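Try each task before reading its solution.

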Amino acid sequence: MDYSKAGLRKEEYDALKARLGREPNDLELQIMGVMWSEHCSYKSTKPLLRLFPKDGDRVLLGPGENAGVVDAGDGLGLAFKVESHNHPSAVAPYQGAATGVGGIIRDIMALGARPVASMDGLFFGDPEERKTQALADGVVKGVGGYGNCVGVPTVGGKTVYHESYRGNPLVNAFCAGLVPTDRMVSSQTASAGQKVLILGSKTGRDGIAGAAFASVELAEDGSGVPSIQIGDPFTEKLLIEACLELRDKDLLVSMQDMGAAGILSSSSEIAAKSGIAMTIDFDAVPLRAEGMEPWEIALSESQERMLLIVEPEKVDQVMAVAGKWELDCAVIGETEKGDHYRILWKGDTVADMPASVIGSDCPEIPWPSKRPENLEDRWNFDLDSLPLPENWNEEILNLLGSHSHRSRKEIFEQYDSMVQTNTVIGPGFPVSAVRIEGTDRLAVMSMEAQPFMCWLDPYNGSAEVVARSCRALAVAGAKPAGTTDCLNFPSPEKPEQFWTLEQSAKGMAEACSSLKCPVVSGNVSLYNETANGPILPTPLVGTVGFVENIEELLRSGDWSEGDRLFYVGM
Amino acid sequence: MNVAVVVFPGSNCDRDVVKAIKYATGDEAALVWHGETELPGETDLVVLPGGFSYGDYLRCGAMAHTAPIMADVKRHADRGGLVLGICNGFQVLTESKMLPGALLVNRDLAFICRPIEISVERDDTAFTSGYEKGQVITIPIAHYEGRYHLPENELELLEERGQVAFRYSGGNPNGALNDIAGIYNEGGNVLGMMPHPERYSDRAVGGDDGLPVWLSIKRWIERTGA
Amino acid sequence: MRYGAEILVYLKEGVLDTQGKAVAASLTRLGYDDPSVRVGKYIRVEIEASDIDSAKETFDKMCKDLLVNAIVEDYTVKVEELR
Amino acid sequence: MRYGAEILVYLKEGVLDTQGKAVAASLTRLGYDDPSVRVGKYIRVEIEASDIDSAKETFDKMCKDLLVNAIVEDYTVKVEELR
Ligand SMILES: Nc1ncnc2c1ncn2[C@@H]1O[C@H](COP(=O)(O)OP(=O)(O)O)[C@@H](O)[C@H]1O
């Protein structure tokens, strides 16, 4: 098999050979093509992500785990993260959005947390256009269809319309969850002699090669579309309850959700991060389809599955919990001493590579970077050229009623924003606030993006995105504890686009440092462009803070007659 | 009072109901797994909570009525015991034939989550004595399938017998016949309703117009020693 | 012997089919000339049974027990013998 | 002339049928012996057309335009002439 068919570049193939000390076999090559894809390896953005400040007063767990965790007080941690599901939503709006919500929820669950709030960032083309309407409708129904069923309230979000998102909408899903800090589960704590289990749905052919798909531009003719993932929120709800029960019964050594590149990625990551070896027996994996090949089993992105590391004597108890929640569960391998990651199939070893090579270690790509020549042109707008409105009242009403400014009720009323009965401020306000059960404290969160500003001035525009999200919290009376971000950008392979990405990350990093708002988790989605052009640079952040009790929460719009208005700032 | 909140796979308002009852009355409700065959002894009230039992596949509530615990819930109701079905719980009650009618997809084919106004049609039942007849209260709905339907002749009968518990009064959100938001069985001991009283039982999270439901039930149980 | 059934479930006449109406409206918007649409369910079930009559009976019972809500829905069943 | 179509839309082989799985489990709980179930859509459409071939073509186009999501679904169409 040719390395380029597997999606590897020449340099990467050479690096792989050097690290293995031999040629990889076909299966290994296919595996590495996915694991070293942009989506899984962050090979284009690692140096940029290192710019973000990671430490803060309240940070319990920074980037590197499935989600970041900040101290929520009273022995609780708030885990949160945002993830993109852009390309899948472009081809299958309902299922793409639904499985995006499902995926981020599992990231939060992987820490042993109970998901308590979601937000969604949606970016669509012109809402007057029929194709966009249908797509947006599918996405909103997908977000709701999944989130409503799993019983996690969608308490806020962000919606932006701009023609650059026409064939490439963005769907960013945020989730936050609560976990007692002494029961937090990690993906780095496995040691030799333990069992590897798969819990949840059976593995099928759906979503194979999804990670690779997320790492290329969208083709006009729809080619290169992988078999689409189907979400089953009902199973996810059972999975949430089962994982919490496993946590509370102290049956878990380590846990990881299965997202991109499924079994392979989740298990090799645990092995690499824990510094151990692992053997996985593919004959033991419960399958849904007949005749699945090893590469399909390795890379399937079937939804609603978790990988567990369990002490051998606790396996029976884990099985009992799985049985109660009517979930499939099977022992599929074990942890060993060393660094190898081995796959068995029909009794043979079909792949055997160092775990450290699979899980990390992808060579970074230093893309060339070049400031767009026409950047100044973007600023050449002359305010004085605008006609003054004849009727200000009418003009203001038109503005408020425009797609950019109108209420998002039509979207957020399709989401259950109240389940769990802790929503103090739901969607429709600058921040959302959720009561932390068992305490008086509230978690306050905001989601922000300003793509047009970032297009005008990537550095300052992106800094402003961070500043706005922190400002919204401050105005509500909350101090930011940490933020999560999703860098939605077009291909990094064009120097001007890479420059924009660089500037944007630098701007965000500076704002986060200045405002003492550490970045605890995040996600990168590149190659968001079609033949019609790239999307606007779209860094999105979700920032979280706390207020001590409900009386200290400052609500917007809580005014009465006779109050005075002040204008504060520059 | 002794409350059993049934948990089906996919229920997601079960813990909310327990929380609301605790907040309203101080009583600790028991969560009862759908696979059980018997309710805890001494159960006064059974709550079938909201959510997506069995994923709401096929028809909402259809599969939950096949759950092992449901036989005992029926026995409890037949003995005159109180049963409250909220949202998905209402759907389970109609699918189990413990209440007449069916709940169909909303008129506008969209999930709706927002507080709405409903009028209290009766104040002489176990569930609503804390309200006044005709009182308009605000409680959230959150459903995709809440359009109440009953063949016309039966609907007349339902109205005649005074089985309507709540009606949408500030506009009909889902197209329900006769604006029906909740109904009783003939005995008045089984209530199904689409709005979620447990969501508005605490002002901190939006409102407390749902609180009297729990207080009414508790008072009724204490008075009748049911 | 294995038997398969194609079960079609649809809303009764007189019950407002909002989904069908919405699909019809969408089709009209796409330029189709005023189609009438009803949306129901197609359920495909396979079971083991001793003969076709007992299979038919089982399928019918499944409909009454679970697959169909007689208050609002009607249904038809078509049974075939599989190898 | 008026034509009617019975359109059956179902998930492709290999695509997880979450509904079918759940229905099968419920039927099993009711005592049925391990049935296999797939749940799809039954769409009944009626249109005016000049002849059966053009009707067939229209129905087929409707499926592609709206009724079927070709990424996950397959379909069959059965056309009949109505009075
Ligand atoms: N996709 C969404 N999901 C949930 N809530 C949303 C969504 N989009 C917007 N909202 C809510 O609507 C309000 C306005 O949103 P938007 O217009 O996107 O933001 P902004 O007011 O920052 O321009 C916010 O309170 C937000 O929480």
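Before we start, contact means heavy atoms within 4.5 Å. This is a predicted model, where local features need pLDDT of at least 70 and side-chain atom pairs count only at pLDDT 80 or more, while totals for chains, interfaces and linings use all residues. Residues are numbered from 1 along each chain as its sequence is written, chains are lettered from A in the order in which they are written, and side-chain values use heavy atoms, with hydrogens and water left out.

**Exercise 1. Work out how chain C and chain D are related.**

Step 1: superpose by least squares on the C-alpha atoms of residues with pLDDT of at least 70 in both copies.

Step 2: name the relation. That is what a two-fold axis does.

Step 3: check the surfaces. Both copies use the same one, since 100% of the contact residues of chain C recur in chain D.

**Exercise 2. Describe the interface of chain C and chain D.**

Step 1: count residues. On chain C, 30 residues are in contact with 30 residues of chain D.

Step 2: get the area. Buried area is the accessible area (1.4 Å probe) that two parts lose on being put together, summed over both. Here it comes to about 2400 Å², with carbon and sulfur atoms giving 66%.

Step 3: find the elements, taking helices (H or I, at least four residues) and strands (E, at least two) as DSSP runs numbered from the N terminus. On the side of chain C that touches chain D, β1, α1 (18–29), β2 (36–48) and α2 (52–67) each supply at least two residues. The largest share, 12 residues, comes from β2(C).

Step 4: sort by class, with Ala, Val, Leu, Ile, Met, Phe, Trp, Tyr, Cys and Pro as nonpolar, Asp, Glu, Lys and Arg as charged, and the others, Gly among them, as polar. That side of chain C gives 17 nonpolar, 4 polar and 9 charged residues.

**Exercise 3. Now do chain A against chain D.**

Step 1: 8 residues of chain A are in contact with 6 residues of chain D.

Step 2: the two chains bury about 790 Å² between them, 65% of it on carbon and sulfur atoms. Within chain A, Ile230(A), Asp232(A) and Arg288(A) lose the most area to chain D, together 48% of what that side buries.

Step 3: the class tally for this side of chain A is 3 nonpolar, 3 polar and 2 charged residues.

**Exercise 4. Which residue of chain A forms a salt bridge with Lys324(A), and where do the two sit?**

Step 1: apply the rule, a side-chain nitrogen of Lys or Arg within 4 Å of a carboxyl oxygen of Asp or Glu. The partner is Glu245(A), with the closest N and O atoms 3.3 Å apart.

Step 2: Lys324(A) is in helix α12 (residues 315–324) and Glu245(A) in helix α9 (residues 233–248), 79 residues apart.

Step 3: check accessibility (buried is under 20% relative accessible area, exposed over 50%, partly exposed in between; 1.4 Å probe, protein chains only). Lys324(A) counts as partly exposed because its value is 36%, and Glu245(A) as buried because its value is 15%.
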